[in-house]
Amino acid sequence: MQRALCRATQRSRSLSSSRRHASTLLVAEHDGTKLSEGTLAAITACAQMKPITLLVGGSAEMAATAAKADGVDAVQFVDNDALNHGVAEEWAPLVEGIAKTGFTHVVAGASSFSKGLFPRVSALLDVAQVSDIIDVKSEDTFVRPIYAGNALATVKSEDAIKVVTVRPTSFDKAAAEGGSAAVSAAAVDFSPTGTTTWISEEVAKSDRPELASAKTVISGGRGLKTGDNFAMLDSLALKLNAAVGASRAAVDSGMCPNDMQVGQTGKVVAPDLYVAVGISGAIQH
């Protein structure tokens with residue numbers, strides 16, 4: 001019995017000594033001038049997993065701006081044009097390489113960018129991804145919605161490196177000013193893979209709030225019949241300073257573009273007021 005206790009004690013000490021203090025690599029998403037709201041929310045979510053190192057790609061100038069975010073301890077940047085457009089094939093080996101330099105967590109706000117990147121990073125690191133978390137219980141335990149939000153799962157990850165995406169609407173946004181993090185070039189060699197070529201993009205500009213962060217959202221569905229009828233929602237949105245969204249059925253039928261889609265396979269919204277017009281009443285709406 002004493003030998004068994006002795007072995008158990010030694011094993012416990014070995015496990016505790018092998019544990020690393022938490023350190024987070026937060027992959028920043030930005031438009032070249034400011035951090036995305038998803039990244040600012042992820043900074044708040046990572047408060048229990050400090051220190052936080054923000055990884056900024058594509059712009060050395062943007063690194064100085066990112067360093068001002070409140071709650072960030074350090075900023076590493078990789079100044080390379082191949083990272084400017086968030087191409088996952090270029091980002092994945094970079095994030096993997098930096099993650100292996102001593103980080104326990106790799107985190108990003110849940111977005112189209114991270115949905116393309118993080119499954120690749122998880123595969124390269126050979127770990128399970130914890131997606132779309134809405135609460136942090138501890139360094140290794142998180143809460144995430146399942147079954148289209150009908151239930152909440154508390155997930156404990158035992159992976160050495162935890163790959164996590166954060167639902168931006170579930171956390172307060174960190175202040176974009178007030179911090180003074182140290183800035184340095186990432187100590188990794190980065191060479192573009194060249195497997196994917198960026199061709200062009202079309203950006204729809206609007207004075208209305210961004211859909212994922214809007215306090216008021218008006219969504220249209222299949223019941224509007226045609227894309228022309230969405231103009232009625234635009235008129236109402238102007239008066240309410242609201243963002244306009246759409247159901248998957250409306251997007252699939254070609255009434256409006258994909259970036260307007262709200263729901264499980266679209267954008268997650270958490271407005272104070274949600275108006276659904278011509279939508280069947282599915283649980284996500």
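Here are some questions and answers about this predicted model.

User: Which element of the protein chain has the lowest mean pLDDT?

Analyst: Overall, the protein chain has a mean pLDDT of 88, and 91% of its residues reach 70 or more. At the top end of the elements sits strand β1 (residues 24-27), with a mean of 98. The lowest mean, 39, belongs to helix α1 (residues 2-18).

User: How many contacts does the stretch over residues 1-18 have beyond near neighbours in sequence?

Analyst: Over residues 1-18 the pLDDT is below 50. Where pLDDT is low, the predicted coordinates should not be read in detail. With that caution, the count for this stretch in the model, beyond near neighbours in sequence, is zero.

User: What arc do the buried residues of helix α6 cover around the axis?

Analyst: Helix α6 runs over residues 230-240, and its buried residues are F230, L233 and A237. They end up on the same side of α6 because the arc they cover around the axis is only 45°.

User: Which exposed residues does the face of α6 turned away from its buried side carry?

Analyst: The buried side packs against β11 (216-220), β12 (243-246), α7 (248-252) and β13 (273-277). Turn to the face pointing away from that side and you get the exposed residues M232, L238 and K239.

User: Does E96 count as buried or exposed?

Analyst: E96 lies in helix α4 (residues 88-99). The cut-off for buried is under 20% relative accessible area. E96 comes in at 16% relative accessibility, so E96 counts as buried.

User: How much area do domain 1 and domain 2 bury between them?

Analyst: The domain assignment gives domain 1 (24-185) and domain 2 (216-277). The contact takes four residues from domain 1 and five residues from domain 2, and their C-alpha centres lie 28 Å apart. Of the area buried between the two, 59% is on carbon and sulfur atoms, and the total is about 330 Å².

User: How many salt bridges does the rule find across the interface of domain 1 and domain 2?

Analyst: The contact itself draws on four residues from domain 1 and five from domain 2. For salt bridges across that interface, the rule finds zero.

Definitions and conventions. Residues numbered from 1 in each chain as written. Predicted model: local features only at pLDDT ≥ 70, side-chain atom pairs only at ≥ 80, totals over all residues. Heavy atoms only, no water. pLDDT = per-residue confidence, 0-100. Helix = DSSP H or I, 4+ residues; strand = E, 2+ residues; numbered from the N terminus. Contact = heavy atoms within 4.5 Å. Buried < 20%, exposed > 50% of the residue type's maximum accessible area, 1.4 Å probe, protein only. Arc of directions from axis to C-beta. Domains from an automatic or database assignment. Buried area = accessible area lost by both parts, 1.4 Å probe. Salt bridge = Lys/Arg side-chain N within 4 Å of Asp/Glu carboxyl O.
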